[in-house]
Amino acid sequence: MYISLIAAQTGINEKSVRATVALLEQGCTIPFIARYRKEHTASLDEVQIGQISDALEHFKEISKRKEHIVHTIGEQGQLTEALQQQIADCWDAAALEDLYLPYKPRRRTRAQTARERGLEPLAALIMLQREPNPEKAARIYVNEEVPTAQDALLGALDILAEQISENPESRQQLRHQFERFAVVHSSVVKSKQDTAEAAKYRAYFHVEESLNRIAANRLLAMRRGEAEGYLRVSIEVDDERAIERLCRQFVRGRGACQDLVRKACEDAYSRLLQPSIENEFASLSKQRADESAIAIFQENLQQLLLAAPLGGKRILAIDPGFRTGCKVVCLDEQGALLHHDVIYPHPPQRYRGQSTILIETLLDEYRTEAIAIGNGTASRETKEFIDEVIAGRALPVYVVSEDGASIYSVSEIARREFPDEDVTVRGAVSIGRRLMDPLSELVKIDAKNLGVGQYQHDVDQVKLRKSLDRTVEHCVNTVGVDLNTASLSLLTYVSGLGPALAKNIVDYRNENGPFRSRKELLKVPRLGAAAFLQCAGFLRIREGENALDGSAVHPERYALVEQMAADLNCTVSALIADATLRRQIQPDRYVSAEVGLPTLNDILSELEKPGRDPRQEIETFEFDARVHTIEDLVVGMILPGIVTNITQFGAFVDIGVHQDGLVHVSQLADRYVNDPTAVVRLHQQVMVKVIDVDLQRRRIALSMRNLTKS
């Protein structure tokens with residue numbers, strides 16, 4: 001029903017849309033369709049499939065709205081065949097509401113009162129604009145409720161104003177003017193302009209900017225200032241031009257009636273139309289700004305979740321601090337807590353000798369292979385202390401983002417994992433596990449608390465949650481999940497599972513031991529054939545009964561791989577191990593009605609590196625030894641840094657002075673940059689130049705122009 005509409009909206013051909021919609025309606029997930037149903041969709045990616053899914057949901061919502069509108073108008077006895085057809089043909093939400101507006105139940109209006117007083121015929125007479133003396137014509141409507149002819153005319157004009165404001169063409173015409181010419185005005189609330197709280201909105205105290213050009217972050221900042229009571233924000237067009245266009249639509253010629261219609265147009269615009277369309281565009285512009293901010297957040301989150309993992313190593317992790325000391329934990333290769341302690345190498349205690357002895361003891365006792373240090377308070381000082389302690393040891397040291405670790409440490413998930421440990425231990429464990437596998441650890445934390453968003457608390461929270469969940473789902477299924485070690489949080493995001501089935505898998509694993517094959521999943525309570533189809537390809541079993549269980553080859557294609565092996569007179573294991581054998585496979589021989597070259601090429605790629613991790617290799621990093629605080633910075637310095645957040649207006653970079661600097665979008669490259677994510681990525685190591693330091697406001701301006709990125 002919606003195929004052509006979705007194709008037109010997304011720009012994707014109807015055949016692919018039809019196939020994708022059919023799969024979505026069958027309950028297939030976006031990751032499953034993108035990975036295992038390429039022949040059906042002509043190899044659409046997850047973004048395109050997501051667009052189709054969103055469009056399908058949108059048009060279904062409009063259909064429901066249409067049913068309600070038709071039912072409501074029908075109950076009023078005003079549903080004509082022509083109107084019903086107009087509603088059936090309309091798929092624009094705003095235009096649909098325009099059609100419904102004259103019939104929409106509402107609070108009592110001036111026009112409604114005038115109609116009840118019998119003035120509708122007078123309004124119709126005036127609108128015809130043929131009566132030479134409307135005041136004389138109005139006298140016949142004088143009665144107890146309408147004392148004078150002037151009162152009758154005013155009531156008739158109220159009716160006309162409402163009719164003009166509800167005219168679909170009038171509303172569309174004004175929308176067109178708002179789209180092209182609307183200006184956003186922002187001004188400070190005078191009674192609050194000198195307060196310290198209002199100071200953060202000083203850049204928006206006097207702003208006039210084109211609505212169709214304003215950056216999403218600026219609009220969201222204005223709306224936040226408005227919500228907090230420091231700013232007044234309005235969206236306006238040229239009133240005179242708008243009224244004149246309205247008059248051209250309704251006023252025909254000159255005369256007394258024409259003058260009255262003109263007055264009705266002016267009233268309709270100022271009292272009804274302009275406020276309504278302004279509210280509509282305030283909502284629409286906010287929606288667009290939300291979408292832009294959410295898109296930035298999604299990109300940042302994806303980069304964060306797909307950050308390079310160190311892998312299964314024995315970790316010593318440190319949550320640094322000054323007065324309260326540095327919490328130290330030792331983890332095994334699976335991230336299990338082996339030991340925890342506290343050291344005080346920094347002021348005020350400064351027990352460096354004792355701290356050194358303890359760290360050396362722990363490194364030896366727990367056979368540490370790498371060290372993770374949180375990037376919060378005292379991070380730089382702790383890194384320098386650890387470098388002194390391990391001098392001569394071949395131990396890599398990594399600085400790890402702490403964003404969200406405190407949220408995790410007090411969460412229900414953390415309490416279940418470490419019921420007998422305090423929040424400081426849990427936070428340090430999280431830091432260590434993030435080094436081993438960022439994805440596995442970060443899925444336990446609400447994405448809004450990971451420090452990579454832009455106005456995430458101001459945007460539509462339902463849309464934000466949906467978008468972030470989809471991003472997490474994409475990342476989890478892109479990497480794949482070890483069925484025998486994955487946490488409940490990680491399993492929840494696997495295609496086709498969700499919280500209930502994920503819990504059942506963990507419970508089954510706890511009761512029966514590790515899974516030996518993917519097909520054993522079918523023994524998990526409530527995990528039927530449909531869920532198995534969706535999830536199996538994304539779950540890995542290392543060294544299982546079937547060599548393919550550790551790969552991304554779906555069980556539904558095991559027989560095909562076995563046939564390939566049989567044709568070469570070898571086993572599947574031999575086929576995986578021997579590149580010479582794989583090169584003898586001729587994919588064209590295995591094309592069928594169900595399996596095409598896209599799937600065959602994916603299978604051959606997977607046989608080459610079964611269960612390969614698509615993430616990059618992790619790198620160590622060192623800050624410039626010359627700078628430790630913002631006071632050490634000098635304009636012109638060129639320093640190494642790490643990108644910590646990306647926004648629409650630029651990127652924030654940690655240069656090791658406890659205050660991130662901003663590389664404005666205009667300073668990101670030697671060319672015009674529209675999208676910062678096209679130039680930098682989260683946690684990227686970059687070189688930056690200091691171009692301004694504001695000690696009073698603790699702000700650092702940086703540039704990457706004419707510098708080489710790593």
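**Entry 1: H11 and H15**

I began with the crossing of H11 and H15, where H11 passes H15 in a right-handed sense. I kept in mind that this is a predicted model. H11 covers residues 149-165 and H15 covers residues 256-305. I looked up the geometry next: the two helices pack at an angle of about 60°, and their axes are 8 Å apart. That angle makes H11 oblique to H15.

Which residues of H11 meet H15? On the H11 side I listed Leu153, Leu157, Asp158, Leu160, Ala161, Glu162, Ile164 and Ser165. Their partners in H15 are Leu260, Lys263, Ala264, Cys265, Asp267, Ala268, Arg271, Leu272 and Leu273. Sorted by class, this contact of H11 with H15 has 11 nonpolar, one polar and five charged residues.

**Entry 2: H1 and H5**

My next stop was H1, residues 3-10, beside H5. Their axes come within 10 Å and cross at roughly 125°. That makes H1 oblique to H5. I also noted that H1 passes H5 in a right-handed crossing.

The contact uses Leu5, Ile6, Gln9 and Thr10 from H1, and Gln51, Ile52, Ala55, Leu56, His58 and Phe59 from H5. How many nonpolar, polar and charged residues does the contact of H1 with H5 have? I found six nonpolar, four polar and no charged residues.

**Entry 3: H5 and H6**

I stayed with H5, which spans residues 46-75, and looked up its packing with H6, residues 81-89. The angle is about 170° and the axes are 10 Å apart. Why is H5 called roughly antiparallel to H6? Angles over 145 degrees count as roughly antiparallel, and the angle here is about 170°, so H5 is roughly antiparallel to H6.

From H5, the contact takes in Lys66, Ile69, Val70 and Ile73. From H6, Leu83, Gln84, Ile87, Ala88 and Asp89 take part. The classes in this contact of H5 with H6 come to six nonpolar, one polar and two charged.

Ser43 has a positive phi, near 60°, and is not a glycine. I found Ser43 in the loop between H4 (38-41) and H5.

What kind of peptide bond joins Pro347 and Pro348? It is a cis bond, with omega about 10°. Pro348 sits in the loop that runs between strand E6 (337-343) and helix H16 (352-365).

I turned to strands, which pair in a sheet through backbone hydrogen bonds, either parallel or antiparallel. An open sheet has three strands in the order E2-E1-E3, and the pairing is antiparallel. Which strands stand at the edges? E2 (206-210) and E3 (231-236) do; each has a single partner strand, so one side of each has no neighbour in the sheet. Ignoring direction, neighbouring strands here are turned by 15° against each other on average.

I then looked at one pair in more detail. E1, residues 183-188, is joined to E2 by five bridges, and the two run antiparallel. Ser187 stands opposite His206 in E2.

**Entry 4: a parallel pair and a helix**

E7 (residues 370-374) and E8 (residues 397-400) run parallel, joined by four bridges. Ile371 stands opposite Val397 in E8. With helix H17 (residues 379-389), E7 and E8 make a right-handed β-α-β unit.

**Entry 5: a closed barrel**

My last stop was a closed barrel of five strands, which runs E11-E12-E13-E15-E14 with mixed pairing. Its twist averages 50° from one strand to the next. How many bridges pair E12 with E13? I found four, in the antiparallel sense, between E12 (residues 650-654) and E13 (residues 661-664). Phe652 stands opposite Leu662 in E13.

Terms used:
Residues numbered from 1 in each chain as written. Predicted model: local features only at pLDDT ≥ 70, side-chain atom pairs only at ≥ 80, totals over all residues. Heavy atoms only, no water. Axes fitted to C-alpha atoms, helices over the stretch in contact; angles between N-to-C directions. Parallel < 35°, antiparallel > 145°, perpendicular 65-115°, else oblique. Left-handed = near helix turned anticlockwise from the far one by under 90°. Contact = heavy atoms within 4.5 Å. Nonpolar A, V, L, I, M, F, W, Y, C, P; charged D, E, K, R; others polar. Pairing = 2+ DSSP bridges. Right-handed = clockwise from strand over helix to strand, strands pointing away.
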